[in-house]
Structures are given as structure tokens and as C-alpha cells.
Amino acid sequence: MPASTAHPRVIPPRESRRILLAAQGLATPPATRSGPASVQRLIERLGFVQVDSINVLERAHHLILQTRLESYRHETLTGLLEKDRSLFEHWTHDASLIPTRWYEHWKPRFARYADRADRNTWWHERLGGDPAPLLKRIHARVRVDGPIRGRDLEEERSDDGGGGWWNWHPGKAALEHLWRVGKISIAGRARFEKLYDLAERVHPEAHARSKPSIAEHLKWACHTALERLGVATSNEVAAFWKSISNVDARAWCDAAVARGEIESVVLEDLDGKRRPAYATEASRRLARVEPWADELRLLCPFDPVIRDRQRLARRFAFDYRFEAFVPAAKRQFGYYVLPILHGERFIGRIDPKFDRATDTLIVRGPWWEPGCGGREHQKQLKTATNRLAVQIGAASYQCID
């Protein structure tokens with residue numbers, strides 16, 4: 001790959017859309033193989049899968065995976081997390097499931113969390129004015145009794161009786177703090193409730209690895225992010241793992257261009273604006289992939305292609321807002337709206353809810369984008385909605401206006 005040119009290659013929106021969708025596993029039909037190896041490979045391809053507590057339809061991580069895997073099963077993911085330990089749970093931009101092969105690259109994050117917590121009023125309010133004795137006591141309790149749940153420590157109180165936001169009593173807050181700084185890990189979940197144990201017991205081999213140097217971590221963060229985005233600005237590279245600064249990401253990318261490892265390009269937005277960016281050699285191949293358009297895909301609000309709302313608007317001309325935390329009267333579409341993907345275009349959205357009492361998937365909408373919603377789209381939406389109902393275990397589905 002050439003290091004740089006006087007006139008960088010311009011990547012128009014249609015090409016950048018194709019690159020992103022292909023890189024994130026949405027340009028081809030859902031894979032028919034959905035065993036442990038397939039699920040592990042997919043998560044490594046995506047980089048991580050976000051975990052979210054909202055269960056009005058299905059947990060976010062399951063929705064993300066089943067969009068790309070035809071016969072995905074929950075227990076497959078549970079086995080990777082709790083038996084094989086090839087995945088671990090921690091933070092990227094939010095709580096996520098991450099390949100354990102990269103565990104050492106969370107050690108710099110553990111250290112940053114520890115430093116911030118020492119100076120953070122929020123944590124001190126929940127752990128008490130002098131949190132050290134509480135943290136030491138909870139860590140010892142986990143060593144003796146683990147795996148344990150937050151509710152197992154409800155009797156714990158800090159010296160000043162500090163309260164608990166999100167119903168976080170001091171014992172639960174101590175567990176969360178110890179998890180974020182890498183001293184304990186999530187060993188599993190029971191009805192989505194976390195079970196905590198010592199990190200060295202949950203991931204002994206990964207826990208024993210050395211912390212990477214600053215240069216090693218920077219290279220890993222930029223290289224792996226670009227592999228999974230294909231083409232991106234330096235800010236998008238930094239935001240992927242949310243583990244490095246924008247300045248450091250830009251400096252590494254510029255140096256990588258000079259070494260001939262990646263290419264300096266220009267991203268053109270739908271409004272004609274142009275922004276400096278970087279592309280991998282693979283991006284040229286990904287741009288040629290014809291996006292699968294035989295069926296519609298219903299994407300989770302936390303899907304990696306969706307979560308960057310500005311990128312979604314710039315490349316796809318799709319204005320999406322997650323409205324779960326918007327007061328009901330002010331919502332434009334609904335609580336847990338799923339964007340509808342057809343090929344390389346987002347053509348509408350629906351607002352589904354799983355009524356578990358009646359075993360029915362209830363769907364409000366659809367709301368079509370201009371020029372969409374014809375007979376063929378409506379037929380394909382019925383197929384996609386039926387597939388969603390089957391995947392979440394609903395016996396039937398009902399569409400309402």
C-alpha cells in the first residue's frame with residue numbers, strides 16, 4: 001500500500017456504507033452455522049458485543065448475534081462466557097462481551113478506573129468517605145465465598161452509611177468498583193444478575209499476562225479498530241474501544257500511513273462535506289461486496305453499525321434516536337425502535353415488544369423512509385417480523401398501527 005499521495009483517494013458515501021456493513025457482517029446472508037466456533041469468530045470479527053439490561057424484546061447481545069447467525073442459541077454464548085472463558089465482560093463504550101485473547105489490553109483501563117475512582121465524588125458517596133476498608137473486606141469476602149451476587153452483600157455498610165444510586169448499597173458498589181479495576185471478574189449471570197469472583201480464578205491465564213506498554217496498547221487499539229471499521233476518521237478509531245485519545249489515534253494513524261501500513265483517504269459525506277480519514281487495504285475489497293438485499297434485517301438499537309448516530313446520518317441519511325429514556329409523551333416512534341436495513345439502505349423502523357404474558361410479539365409501525373414501504377418491502381417485513389418472533393420464542397406476532 002502506498003504511504004501517502006498528494007491527492008488522497010476519495011471514498012463516497014455509497015462505498016463507505018458498503019465497507020462498514022461488510023466489515024461488521026451485515027453484507028451477506030445470516031450464516032447457517034451457529035455453533036461455538038462460529039459465535040466466537042463473529043464476536044472477534046465485530047470486536048465486541050454490547051450488553052444491556054433492557055429486556056422489553058430481547059437482550060441486546062442476543063439480538064446483535066441472531067441478526068448475523070441464522071440459528072443462534074443463547075446457550076452457545078453462555079458456554080463461551082462461563083465454560084470456555086473465551087469471552088469476558090467489561091467496558092468499551094459501554095458494558096460489552098469481549099474476546100479474552102485481548103484481556104491484557106484492559107489492564108491499562110483497569111488502572112485508569114482505579115485512578116479515577118480515587119478522585120471521584122460519585123464513587124466516594126457510594127463507598128463511604130474512606131472506601132479502603134470496605135473494598136478490602138469485600139475483596140476478602142469474594143475470595144472466601146465467591147462467586148457471589150450483589151444481594152449477598154446487602155448487610156454491608158460503609159462507615160458513613162453512604163446510600164446507593166440504582167439501589168447500589170455499599171456492598172454492591174464495592175463489587176462494581178472491584179470489577180472495573182480488574183480485581184474481580186464476572187463469572188456468570190443468573191437471570192441476568194451478575195456473579196462476581198476473583199479475576200485470577202475466572203480468567204487465570206489471561207489475568208497472568210503482562211500489562212502492555214503504552215506503545216503496544218496504542219498499536220493494538222488503532223489496528224484492531226481499523227480492521228473492524230475498514231475506513232474511519234481518527235476520532236472514530238479512538239471511539240471504537242474508547243481506550244485511547246483522539247490525539248494519540250491520529251498520531252498513530254499518520255505514522256502508519258508513513259510506514260505504508262494503511263492509506264490516507266478522504267471520506268465524503270452525503271451533504272458533500274469531506275473529512276480526512278484512514279483505510280485498510282481490505283477496505284478496497286469490502287467496498288466491492290454487493291450488500292445482501294433478499295430480506296430485511298431488523299437491527300438492535302445497540303448494534304455496532306447503529307450506535308454511532310452521526311456516522312449513521314452522514315453515510316446512510318438515517319436519523320435515529322434511541323427513545324427508551326425519553327418521556328413517553330415526547331417519543332416520536334417508541335420505546336425500543338428497531339431500524340430496518342435493506343441492502344445498504346435503512347428504509348424504516350418498527351417498535352416491537354414481547355408480551356410474555358400472552359407469548360406474543362407486538363409490533364407498532366412500520367414507519368417507512370421516503371420512497372420506501374411498497375408491496376415488496378411490506379412482504380419482506382412480514383418475513384423479517386416472523387423470523388424475529390421465532391428467534392425470541394414468541395408463539396405469534398401482532399401488528400398494530
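Which residues lie nearest the centre of the largest cavity? They are Arg-297, Leu-298, Ala-384, Arg-387 and Gln-391, and 14 residues line this cavity.

Some ground rules. Residues are numbered from 1 along each chain as its sequence is written, and side-chain values use heavy atoms, with hydrogens and water left out. This is a predicted model, where local features need pLDDT of at least 70 and side-chain atom pairs count only at pLDDT 80 or more, while totals for chains, interfaces and linings use all residues.

Now, what is a cavity? On a 1 Å grid over the protein atoms alone, it is a set of points where a 1.4 Å probe fits but cannot get out; lining residues have an atom within 4 Å of a point. Grid points are joined across faces, edges and corners, and the volume is the space filled by probe spheres set on the points. The count is three cavities of 30 Å³ or more.

Helix H3 (60-66), strand S10 (297-298) and helix H16 (375-392) each give two or more residues. H16 gives the most, with four. Helices (H or I, at least four residues) and strands (E, at least two) are DSSP runs, numbered from the N terminus.

Next, the strands. Two strands pair if DSSP finds at least two bridges between them. S10 and S11 run antiparallel, joined by two bridges. Leu-298, from that cavity list, stands opposite Ile-340 in S11. Ile-340 also has a bridge partner in S12, namely Gly-348. S11 and S12 (residues 345-355) are antiparallel too, over five bridges. They form a hairpin with two residues between them. Gly-343, in the turn, has a positive phi of about 65°.

Is S11 enclosed or open? Four of the five residues of S11 (residues 338-342) are buried, so this strand is largely enclosed by the rest of the structure. Buried means under 20% relative accessible area, with a 1.4 Å probe and protein chains only.

Cys-372 is in no disulfide either; its nearest cysteine sulfur, in Cys-399, is 18 Å away. Cys-253 is buried, at 0% relative accessibility. Cys-372 counts as buried at 13%.

Terms used:
Buried means under 20% relative accessible area, exposed over 50%, partly exposed in between (1.4 Å probe, protein chains only). A disulfide is a pair of cysteine sulfur atoms within 2.5 Å. On a 1 Å grid over the protein atoms alone, a cavity is a set of points where a 1.4 Å probe fits but cannot get out, and a pocket is an open set with protein on both sides within 12 Å along at least five of seven lines; lining residues have an atom within 4 Å of a point.
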